[in-house]
Amino acid sequence: RLRRFVFPMSAAFLVWYLAYVLLASYARDFMAIKVLGNINVGLVIGLLQFVTTFAITTVYVRYANKHLDPAAERLRRRVEES
């Protein structure tokens with residue numbers, strides 16, 4: 001269960017991060033587009049990296065509470081009963 005969640009989520013985040021790095025390296029004109037005042041696309045995408053990290057953490061905690069923790073608890077009870 002852990003792998004079914006962690007591997008796809010990690011791959012998605014790494015692709016998202018790699019896209020940011022590639023855009024910063026090769027699409028400078030795009031990243032320099034002003035969005036609001038001195039805030040440009042590059043800054044917005046960079047800040048979204050942090051938002052994504054917190055969102056993934058929140059989703060993982062909910063997933064663990066719902067799927068992983070009950071399974072670990074059942075396993076712990078079985079081991080203690082033996």
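**How the helices pack**

How do the axes of helix α1 and α3 cross, and within what distance do they come? In this predicted model, the axes of α1 (residues 2–26) and α3 come within 11 Å and cross at roughly 180°. That makes α1 roughly antiparallel to α3, a label for angles over 145 degrees. Axes here are lines fitted to C-alpha atoms over the stretch in contact, with angles from 0 to 180 degrees between N-to-C directions. Helices are DSSP runs (H or I, at least four residues), and strands are E runs of at least two.

Contact means heavy atoms within 4.5 Å. On the α1 side, the residues that meet α3 include Phe13, Trp16, Tyr17 and Tyr20; among their α3 partners are Gln49, Thr52 and Ile56.

**Two residues of α3**

Let's look at glutamine 49, found in helix α3. Glutamine 49 is buried (under 20% relative accessible area), at 9%. Beyond neighbours within four places in sequence, glutamine 49 touches Phe13, Trp16, Tyr17 and Tyr20.

Phenylalanine 54 also lies in α3, but is exposed (over 50%), with a relative accessible area of 59%. Areas come from the Shrake-Rupley method with a 1.4 Å probe.

**A nonpolar surface patch**

Phe54 belongs to a nonpolar surface patch of about 950 Å² accessible area, whose members also include Val35, Leu36 and Leu47. Patch residues have over 30% relative accessible area and no salt bridge, with nonpolar side chains joined within 5 Å. α3 (41–81) and β1 (34–36) each supply at least two residues, and α3 gives the most, with seven.

**Notes on the model**

Residues are numbered from 1 along each chain as its sequence is written, and side-chain values use heavy atoms, without hydrogens or water. Local features need pLDDT of at least 70 and side-chain atom pairs 80 or more, while totals for chains, interfaces and linings use all residues.

Note on methods
Patch = residues over 30% accessible without salt bridge, like charges linked within 9 Å, V, L, I, M, F, W, Y side chains within 5 Å. Salt bridge = Lys/Arg side-chain N within 4 Å of Asp/Glu carboxyl O. Buried < 20%, exposed > 50% of the residue type's maximum accessible area, 1.4 Å probe, protein only. Parallel < 35°, antiparallel > 145°, perpendicular 65-115°, else oblique.
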